[in-house]
Amino acid sequence: MSAAFESVGRRLPRIDSREKVEGRAQYIADLTRPGMLHAAMLQSPHAHARIRGYDISAALATPGVHAVVTGDDFAGANRMGAFIKDEHALAKGKVRYVGEPVAAVAAQTESIARAATQAIRVDYEELPALLSPDQALASPVHIHEEVGQYFKVFDAGSEGNLCSRTELSEGDAELGFRESDLVFEHHFDTQAQAHVALEPCGALAEVDPQGRITLWSANQSVFRVQACVAEALGLPHSRIRCLTPRIGGAFGNKMEPHVQPIVAALALKAKRPVKMILSREEDFETVRARHPFRIRIKTGVKRDGTFVAREVEVLLDCGAYADDSPGVLGYGLLCARGPYRFPHARCHGKLVYTNKLRFGAFRGFGNPQVSFAGESQIDDIAEALGIDPIELRLKNILRGDDRWFGGQQLFSNGVKECMERSRDASGWDAAAPAPAAPGRRRALGFALCGHISGLLATGAIVRLLEDGTVVLNVGANDIGQGSDTVLSQMCAEALKVPVENVAFVSPDTDGSPFNWGTTASRVTFMTGRAVVSAAAEVEKQVKLHASEIFECAIEDLELVSGGAVAVKGVPEKRISFFEISKRAHWFSGGPIVGSNSWVYDRPTIDPKRAVVIGLPFPKIGAYSFAAVVVDVEVDEVTGQAQVKRAWSACDVGRAINPMLVEGQIEGGFAQGLGYALFEEMVWDGARLANPTLMDYKIPTTLEVPYEMHSIIVESVDKDGPYGAKGVGEVCLSPVPAALGNALRRATGVRIRSLPLTPEKILRGMLERKQ
Amino acid sequence: MSRDLPVNLEINGAAVALEVPLTETLLATLRERLQLTGAKRGCNQGVCGACTVTLDGVAVRACLSLTLNCEGQKVATIEGVAADPLIEALQQAFVDGGALQCGFCTPGQLIAARALLSQNSDPSVEEVQQGLSGNLCRCTGYRKIIDAVLSAARSMRK
Amino acid sequence: MSVDQGVFRPASVDEAVSVLARLPDARLISGGATLVAMINARLIEPAALVSLAGVDELHGITENPDGGWRIGAMTRHRDVAAERRFTGTLALVQQAASLIANATVRNMGTIGGAIAHADPGLDYPPALVAADAQIEIASGKGRRRLPASEFFVDWYATALQSAELVTAVHLRAASDGVGLYHKLARVSGDYATVSVALTMSSGVAGIATRAAMGACGPTPILLEEANALLSGSPGESELNRAGELLAAAADPVDDVRGSAEYRRLLIPRMLARAFTEARAAIGART
């Protein structure tokens, strides 16, 4: 099948490779504008305090300072938020976490700006700090006193410090547990993980004489930036133009706003271009992080291993602002049943405001946490039943066009193939597993999961230039994963032109079609489909021209390689895009433009099957799958685990560019490895104790196994462009559970809290000895 | 408070005379004074490696080097090594092998890999892992970076 | 002396010492790896810098006639890590250097800068204490030498007085034996969670062992009583007792690298592994 493709399926280098290896790629920190000022922020020293007032006179009087902004510069009604509008651009009225931006200064240099922030006096009245969901739920002190009045995009059920709650059920879980032979119930905890995109966040704003703002920033969606800045400043979208430089990694961190509204406000006030680039510490302290989850999971099974019922209850630390948290709660619950047949399932949970950094979107979006719990527990069930853990899963996985939790049908399903191929490649069933070194124990571990590819809106515009070459404009940022290349390949394929004849337009809210964002594993699937449909519009128009020229029926024409139209079966009767586009531009029909936009239209919930309360996203779906096997060795002296080898099989529908798909699988594995084994944001009271790369560690070349084998499974999704689905997140989510399961098999120790530190492993081993 | 002080350097082959504050880092000098933005500020603490440049041929952290302390030394950045056959081989191997994603760490990876290969033309996987362990990448999982360095080494030995 | 306003570039140790005596707020800069990180974090803002780059005697590793070694304070970690002449009991110094941070930072950091910073998580301090190294210090009054065990006095504190600087580290001649440095860290290049440095040589009275634990308190922990237990012909009970003594002497903290309790737990375990490995290596050799 793929032999029929010219561009799809090829291991093409990324189209932005050259500028990146030559050091010429421009990221936000690399941009300058004439007369540009540099900005810095003042951060809150308190976790929770009322702001009684500011004295900015000394800061303003500092030589070189041009503008100071505080919460007073943002109107009370101008709140942002993807699900619940609860956040101003700068703390207003109150500070709600240590490190929260309170004021900002624009000055001649960064060091003058930083020094001037320290001259700002803020009069605080301290309030009790609520540092855990339990503490916040029990407290009469409310982090957001007016939560009831906030605008919400769904029925969130907010009350007091409860930010949102969601409940999703199919069948009757209680009945299911009664019908089960064995019921397992465990508690799991997960930690906060920092994104650590190598590029810290930043933004640059410039205001033209008419007062219109141009804003460049490190971001995952120029349209989300536009919407949030508009909300924060109370301006119409048409007054803000958002652009993107190259993005130095994001992983969810740059989806919702960080400093863009602050920088825009400074630029308006200073009447000069203003740039703010966060330090690594500020990036850790003020942007966002992966949610800590507390999870109770209960699973009922038949003695033969048939899954009967599952209940999952989660409690999420939201941090001080809702951000994407209600979505993470809802999505985590949607994934908590796993890719399994359960006649009965009930997943429910709460999201609670605390006086911490806001938690938000992070690669996996709630799935890694619930998959850690669910996939760990399945291994324990297999052990209790004396069944091989992969066999137990194979008995219960979703088959064919089974439905995901909530009722959405699967249109492609590579679960079984992912499992079998990772199992076989790893030698899971081998009689003699790889031997451990002396003083070490070694075993394989397995885990599985599924993840969506489709939601919300996107668009594409494909234009033929005068010479018949192509411009592709989609409004989707490439955040490093390679979507510029993949979308160009799809466009080239659809029009049968060489990829190098497709120019890719950098996203621009003035000229690009809306795209909700580069997030949620959605760009290949969602935007790819818009590209293919827009290209089909172009195809229709070029064929119309050809039919007029050849005086034949459109149905008798086909696109042929190299960018031309030919009469079917008569290859010599062809006309190039060059000639057609000339004709269109100068004689007949007008320049050729194809466009398409769509919004994901398959409901999350089938009301005949499922009952839901507080669903943040009515239409998401299109599931990808991943199965991971890891080979882990544990040091008996220290408890430290080392990953020796790994196999990750991902069902991506179709790999548009297998090299880039491997890049996602390998990178997602490494980020999951760090999350599983040692990454953890630690708070000392209300203060983040490790907001530096000295103290917060991510994997280096020596922690990630060189033997990390990517296995691409292609199930060809009927909804996807050329059958493609997403891969960006599904490759990460099963990693912590696979590692935990390998540790269990190597040492007998089951650890139900992340990260799986040497300390926890050693303690477990010592307790077992006693 | 601090006055600017004179310093003379050779940057990418050109003599440069500057006046900079006492505590200005080489990274700030390169990026902000000279608009050589290939070296990146990822952490400013010497951990991430995105600012790696060479000083008298040795790979160092530009963020941990004070410009005034580099008096008389030769600085080479990604912009200045373009004509070097070893860097060309590495760049091509990174491009062909998909050894970069967001690209933010890439200039530092290339400078560190060049330093490694100039000392060891036939490194093992383990030696490449050791040589690049101070260059963090959050995107790739390193596999393709290591393979690209090995591939560049092979092409140079031919 | 060449005076470039705030940067001083002395050509000799005496000049360096006189600048330090005159300008108490000046900071020495050797490789910069530690100092500049602190400047960038706004922990310090020195008014003047004294660059030691031009002081020839601070550079390089030289062998003394008695077989001992002098490592100049400005010697980079890279050069110590590559020093193949540190054999036998001295191998641990080379091993410790090779585990500091990463290759690029080892190109910058110096032994003098590292030990003067005296972060308890560093690799050199326990290695130098176990190796019974001497630290050579210069001041206006001349030179003095201190055993490494007396040089490290507290968290980030050394025996250096104001207007003093480290000029060299002296290692006694290697004994025929084994030197080992083992480090547990969260990831490669991190500061140690716990480290153990150990030398072992064999003689007529059996083995002679010196062990120091790193990252388990303000300074490396070495106990003569523990060394005595680990010398001669120790059995399992002596090894256990030595581990208990070192654990009891430890004053570890809870931090992001591990809890105090975990560190205490690791001391006898990591000691036992290092001891057993050293003994096996000696056994294999004799």
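Residues are numbered from 1 along each chain as its sequence is written, and chains are lettered from A in the order in which they are written. Since the model is predicted, local features need pLDDT of at least 70 and side-chain atom pairs count only at pLDDT 80 or more, while totals for chains, interfaces and linings use all residues.

Let's start where chains A and B touch. The contact takes in 43 residues of chain A and 40 residues of chain B; two residues are in contact if their C-beta atoms, placed from the backbone, lie within 7 Å. On the chain A side, α16 (658–677) gives the largest share, eight residues, and α1 (17–21) also supplies at least two. Helices here are DSSP runs (H or I, at least four residues), as are strands (E, at least two), numbered from the N terminus.

Now for a helix of chain A, α11 (389–396). Its buried residues are A:P389, A:I390, A:L392 and A:R393, where buried means that 20 or more other C-beta atoms lie within 10 Å of the residue's own, with C-beta atoms placed from the backbone. Down the axis of α11(A), these buried residues fall within an arc of 160°, so they line one face of the helix; the arc is that of the directions from the helix axis to the C-beta atoms. They pack against α10, α12, β18 and α17 of chain A.

Chain B has domain 1 (4–80) and domain 2 (85–157), with bounds from an automatic or database domain assignment. Their C-alpha centres lie 22 Å apart. In chain B, 13 residues of domain 1 are in contact with 11 residues of domain 2, and strand β3 (52–55) provides the largest share of the domain 1 side, three residues.

Technical notes
Buried ≥ 20, exposed ≤ 12 C-beta atoms within 10 Å, placed from the backbone.
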